[in-house]
Amino acid sequence: MKLNERSVAHYATCDSPADHAGFLRKRVERHHHHAHHHHATSYQRRWFVLKGNLLFYFEEKESREPVGLVVLEGCTVELCEAAEEFAFAIRFDDAGARAYVLVADGQAAMEAWVKALSRASFDYMRLVVRELEKQLEEASKTLAACHKSPRRSSSSSRKRHLSNPALLPLQEKPDILENGYSTWGSGGGVPGGAACPDRDGGHVKPPPLPPRRRSAAGSTTGSPVPGLSPAMTESPVSPETACFSKLHSWYGQEIAVLRREWQERQKRGHP
Amino acid sequence: MRYNERELLSLARQPAEKAAEVLMRLPKKGSVLKKRLVKLVVNFLFYFRTDEAEPIGALLLEQCRIIKEEENVFSISFVEEPERKYCFECDSEEQCQEWIEALKRASYEFMRRSLIFYRNEIQKMTGKDPLEQYGISEEARFQLETRKQ
């Protein structure tokens, strides 16, 4: 299968920011045709660069082209009981797929890599974006709901309106991060067509956020048809719902722990 | 450059965000339009001969430009080689526009920008960082500082 390798290599080295980078030792995989062949395990030190859901590795930090790429979509990252300390493995579901065994320089480096790689998938990013879209919509509604008019449209068109204007300008105008706010109307309001006509100046202190719906991201889809249809903000349709529920419970645990820590910090910092 | 082709092929078998039969032309000189099944999965566009299960190729959709060409036609090119265009002819103008929109949003970098935008907006509106509850506010990939395109 062909891949646009030149462009991929360019992406690896262009100035788009890396999500993580560092030296790792990569175990050299030998292909065994006979089960009893024994080769001494060897490792090669490589410079690894994580961008999005792609893990590139270079011979040297200064190398102009990667020697290899690991597409991370669908992988799991685990600590490894290799003979080496600080080893972890990138594995794929596919039976017979090889694992990538990587060794970090120390505990902190290993943890940082495992964390970064675990969250590197496109699906994960998409989950977070959808969650924020929902939150933005809730926050907008809360701000705009000076009158309790239940114009709560459940049709996708209203939500699409919310998502499309956000997404289109982002693509068209590279500096949308500075200008983006203004395209949404003044004072942090609701975008164009979906705006509540009685929106108040927007400078009034917003009411407290509605209680968080824990299952916001967990609504079951049931539908076998995945995909970013116009209803994309309604339910997180993920091609891999199995993966999703794993993610959901993993993050649920993580959230619980981190929430506790955060709350403790808050208590200490703010009486 | 080595890559895990097996996983990429596996990705090509995943349910697509979008799939269609279109006419496709490669940037190679003398290439002609050929009927292909194109399938968008995460930030890859796979293309297949219409009767085959395995793709003949994949395009990573990062650092690319999606441009409307003539009627029903759009192209994908990459920033470092803007003249090399992969051309796609759709059945209708509507289908063409749908693909353009879908492909523009298909990059990881685009999602990252969206996330940063939403995070920023929510923070402005509510005074709170929405990522804090997930404990991911410090991650490099979600940072608010202006990123070079």
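Start by selecting H10(A), which sits in helix α1 of chain A, residues 5–13. Helices here are DSSP runs of H or I with at least four residues, strands are runs of E with at least two, and both are numbered from the N terminus. Before you go on, note that this is a predicted model, where local features need pLDDT of at least 70, side-chain atom pairs count only at pLDDT 80 or more, and totals for chains, interfaces and linings use all residues. Residues are numbered from 1 along each chain as its sequence is written, chains are lettered from A and ligands numbered from 1 in the order in which they are written, and side-chain values use heavy atoms, leaving out hydrogens and water.

Is H10(A) buried, exposed or partly exposed? With 23% relative accessibility, H10(A) counts as partly exposed; buried means under 20% relative accessible area, exposed over 50%, and partly exposed in between, using a 1.4 Å probe and protein chains only. Now show what touches H10(A): apart from neighbours within four places in sequence, the contacts (heavy atoms within 4.5 Å) are Q63(B), V79(B) and E80(B).

Next, pick K2(A), which stands opposite G57(B) in β5(B). Here β1(A) and β5(B), residues 57–60, pair in the parallel sense over 2 bridges; pairing takes at least two DSSP bridges between two strands. Colour the whole open sheet of 8 strands and you can follow the order β1(A)-β5(B)-β4(B)-β3(B)-β2(B)-β8(B)-β7(B)-β6(B), with mixed pairing. β1 (2–3) of chain A and β6 (64–68) of chain B are at the edges with a single partner strand each, so one side of each has no neighbour in the sheet. Select helix α1 of chain B, residues 5–12, and you'll find it packing on the sheet, where it touches β1 of chain A plus β3, β4 and β5 of chain B.

Zoom out to chain B, with its 3 helices and 8 strands. Buried residues account for 56% of its 149 residues.

Last stop: helix α3 of chain B, residues 108–126. Its 19 residues should span 27 Å at 1.5 Å a residue, and the end C-alpha atoms are 26 Å apart, which agrees; the expected span is 1.5 Å times one less than the number of residues. Most of α3(B) is covered, with 15 of its 19 residues buried.

How values were computed: Axes fitted to C-alpha atoms, helices over the stretch in contact; angles between N-to-C directions.
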